[in-house]
Each structure stands twice: as structure tokens, then as C-alpha cells.
Amino acid sequence: MENMNDAVGEFNPLSLDNQICFALYVCSKEIIRKYTPILEPLGLTYTSYITLLGLWEKDNVTIKELGTRLYLDSGTLTPLLKKMETQGLVTRNRSKEDERTVFIKLTDAGRKMREKCGDVPRQMMCYNFLDANKAGELLRSLHAMMTKINEV
């Protein structure tokens, strides 16, 4: 953050380098870009990968529940889940009680994908420019920020 101060030495709130959201946006975008060569051979995008992570934690959930967990709206999640269903990773089943409710369930292939993805976190550690302690601190700070944002 080289431009925290303007010409007279005062904090400039309109400097791009002073925007926390911009720094988070760039880091997120670049980290996701680093995932691409690791996930592509598995037939996954970053979004399908995090969807699998969520389903491996809790399977047979509604689209709404999955969307809440992943911070994705149904407009983003529905086409993704259709593609994942075509790939044979998940099934989508309407509730018998309420046809508006759709449950997402892993297939055997979706469950087996967990093994195939087992090395992804280690491979991504090659791109981790923080030591383990700083990475843990950052993760805790980001989770606290996510909680605060959702309270507002």
C-alpha cells in the first residue's frame, strides 16, 4: 500500500490502494486463478470444487441450504449444479412434500472425487505466501469479517 497518503501526507480514503475490498478482490481473483491448472484436469472449476467441499461436509441438502453455506445465489448455483449433474457428480431431486424445494445429493462419482481432490490443498500451499501462523491469523480475521458482514 504505497499510496496510503496523498501529497500532503494525509490518509486518502479514495486511493485504490487504501480499499480493503479491492485488496480482497484482487487476492481472491488471483488465488482462484492459481486453482485453475490444478482443478481443470479433474473437470472442476473453483466454484464446483467449493460446492463439492460443502457437500462432502453435509450431503443431501437443499439448494437454498447449499447456497447459504457457499454464499451463492440460486442464479449462480442452479446452472452450476446442472453442469455437475451432467458430469455425474450430483443428483437434483425435488421434494415430494414441496416441489419448489430441490435436494442436492452426491453420487458415487461425487464422493470418489474427494479422493481425487485430496492433494489440492497441498498443491495450493505452493502458492501460499504466508507462513502457517500468519495464514491462520488471516483466516480467523476473514471469518470474523464474514460474521460481522452477515450481522449487518
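## Leucine 70 and the helices around it

Apart from its neighbours within four places in sequence, leucine 70 touches Ile50, Thr51 and Leu77. This is a predicted model, and leucine 70 lies in its helix 3.

**Leucine 70**

- Leucine 70 has a relative accessibility of 13%, and because buried means under 20% relative accessible area, the residue counts as buried.
- Although leucine 70 and threonine 47 are 23 residues apart in sequence, their C-alpha atoms are 9.0 Å apart in space.

**Helix 3 against helix 4**

- Helix 3, which covers residues 63-70, and helix 4, which covers residues 74-86, have axes that come within 10 Å and cross at roughly 110°.
- On the side of helix 3 the contact is made by Ile63, Leu66, Gly67 and Leu70, while on the side of helix 4 it is made by Leu77, Thr78 and Leu81.
- Sorted by class, the contact of helix 3 with helix 4 has five nonpolar and two polar residues, with no charged residues.

**Helix 2 against helix 4**

- The axes of helix 2, residues 46-57, and helix 4 come within 11 Å of each other and cross at roughly 85°.
- Helix 2 and helix 4 are therefore roughly perpendicular to each other.
- In this contact Thr47, Ser48, Thr51 and Leu52 of helix 2 meet Leu77, Leu80, Leu81 and Met84 of helix 4.
- The residues of the contact of helix 2 with helix 4 divide into five that are nonpolar and three that are polar, with no charged residues.

**Two buried loop residues**

- Threonine 107 is found in the loop between strand 3, residues 102-106, and helix 5, residues 108-116.
- With a relative accessibility of 16%, threonine 107 counts as buried, and when residues up to four places away in sequence are not counted, threonine 107 touches Gly88, Leu89, Val90 and Thr91.
- Serine 95 lies in the loop between strand 2, residues 90-94, and strand 3, and at 9% relative accessibility serine 95 counts as buried.
- Leaving aside neighbours within four places in sequence, serine 95 is in contact with Thr101 and Phe103.
- Serine 95 and threonine 62 are separated by 33 residues in sequence, yet from C-alpha to C-alpha they are 9.1 Å apart in space.

**Positive phi angles**

- Most residues other than glycine have a negative phi.
- Asparagine 60 is not a glycine, but has a positive phi of about 60°.
- Asparagine 60 is found in the loop between helix 2 and strand 1, residues 61-62, and is partly exposed, with a relative accessible area of 41%.
- Tyrosine 71 is not a glycine either, and has a positive phi of about 60°; tyrosine 71 is found in the loop between helix 3 and helix 4.

**Cysteines**

- A disulfide is a covalent bond between the sulfur atoms of two cysteines.
- The structure holds zero disulfides.
- Cysteine 21 is in no disulfide, and the nearest cysteine sulfur, which belongs to cysteine 27, is 12 Å away, whereas a disulfide needs a pair of cysteine sulfur atoms within 2.5 Å.
- Cysteine 21 is exposed, with a relative accessible area of 64%, whereas cysteine 117 is buried, with a relative accessible area of 3%.

Notes:
Residues numbered from 1 in each chain as written. Predicted model: local features only at pLDDT ≥ 70, side-chain atom pairs only at ≥ 80, totals over all residues. Heavy atoms only, no water. Axes fitted to C-alpha atoms, helices over the stretch in contact; angles between N-to-C directions. Helix = DSSP H or I, 4+ residues; strand = E, 2+ residues; numbered from the N terminus. Contact = heavy atoms within 4.5 Å. Nonpolar A, V, L, I, M, F, W, Y, C, P; charged D, E, K, R; others polar. Buried < 20%, exposed > 50% of the residue type's maximum accessible area, 1.4 Å probe, protein only. Parallel < 35°, antiparallel > 145°, perpendicular 65-115°, else oblique.
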